[in-house]
Amino acid sequence: MLLKRYTGNLLLLILLFLLLAFFFLGDVFIPKAIDFSDYPMLHSVFVVFLGLFLESIPFLFLGAIASSVIQLFISEEIIQRMIPKRPLTAIFAAIAAALIIPVCECAIIPVVRRLIQKGVPVHAGVVLLVTAPILNVIVFGSTYYAFQNNPSILYGRIILCVLTAIIAGLFIHSYIQHKRCGERGQAGTGTRA
């Protein structure tokens, strides 16, 4: 049984390694086997993959470091004091926190996961998940730089992000409240029987 479990993990690891080797080294070895002259788009797949992969690695490390810092140095009591009790206020606090957390889409996931484990309400975590990759100061500055001649794109992006986050946060909060009320109702009818 134990050997079977490790065999499956080993096969998955080998498959992952082969997939990464294909994308990292496919640009070098596959042209020798396949003539790319008929398929120029296939050659660009490797270049685009490598570019995206290498560009995202620093942000993944940043997210892992931020998650570790939260785990080691921020206690649950501090988080409980910082997060407002009212749902709408907690949503706006999460939006404000998103302005100062300099992480991308992939790096915010371990940060939010760690914050939820420390006691941040799920609806505030979802808001942080939606807003941090768009509203942080680094992305704000790069969007401003990219669209200097058309500031409506910058402001539209911010407004849409905030509105989407508020709607998502309220939806998640109401869903969790509805689910809790349903569980209480079932528990109440179960004890009477």
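Tutor: Let's start with Ser 142, which sits in helix H7; helices here are DSSP runs of H or I with at least four residues, strands are runs of E with at least two, and both are numbered from the N terminus. Ser 142 is partly exposed, as its relative accessible area is 41%. On this scale, buried means under 20% relative accessible area, exposed means over 50%, and partly exposed is in between, using a 1.4 Å probe and protein chains only. From the C-alpha atom of Ser 142 to that of Leu 154, twelve residues apart along the chain, the separation is 9.9 Å.

Before going further, please keep in mind that this is a predicted model, in which local features need pLDDT of at least 70 and side-chain atom pairs count only at pLDDT 80 or more, while totals for chains, interfaces and linings use all residues. Residues are numbered from 1 along each chain as its sequence is written, and side-chain values use heavy atoms, with hydrogens and water left out.

Now for the partner of H7. Helix H6 (residues 122-135) packs against helix H7 (residues 137-146) at an angle of about 45 degrees, and their axes are 5 Å apart. The axes are lines fitted to C-alpha atoms, for helices over the stretch in contact, and angles between N-to-C directions run from 0 to 180 degrees. H6 and H7 are therefore oblique to each other, a word for whatever is left once angles under 35 degrees count as roughly parallel, over 145 as roughly antiparallel and 65 to 115 as roughly perpendicular. On the H6 side, the contact is made by Pro 133, Ile 134 and Leu 135, and on the H7 side by Val 137, Val 139 and Phe 140; contact means heavy atoms within 4.5 Å.

Another helix comes in through Ile 172, a residue of helix H8 (residues 151-192). Leaving aside residues up to four places away in sequence, Ile 172 touches Val 122, His 123 and Val 126. Ile 172 and Val 126 are 46 residues apart in sequence, yet 7.9 Å apart in space, C-alpha to C-alpha.

Elsewhere, Ile 57 belongs to helix H2 (residues 40-73). Ile 57 is partly exposed, with a relative accessible area of 27%. Its C-alpha atom is separated by 9.5 Å from that of Cys 106, 49 residues apart along the chain.

Finally, let's step back to the whole protein. Its secondary structure comes to eight helices and zero strands. Of its 193 residues, 23% are buried. Among contacts with a separation of 6 or more, 73% are between residues 24 or more positions apart.
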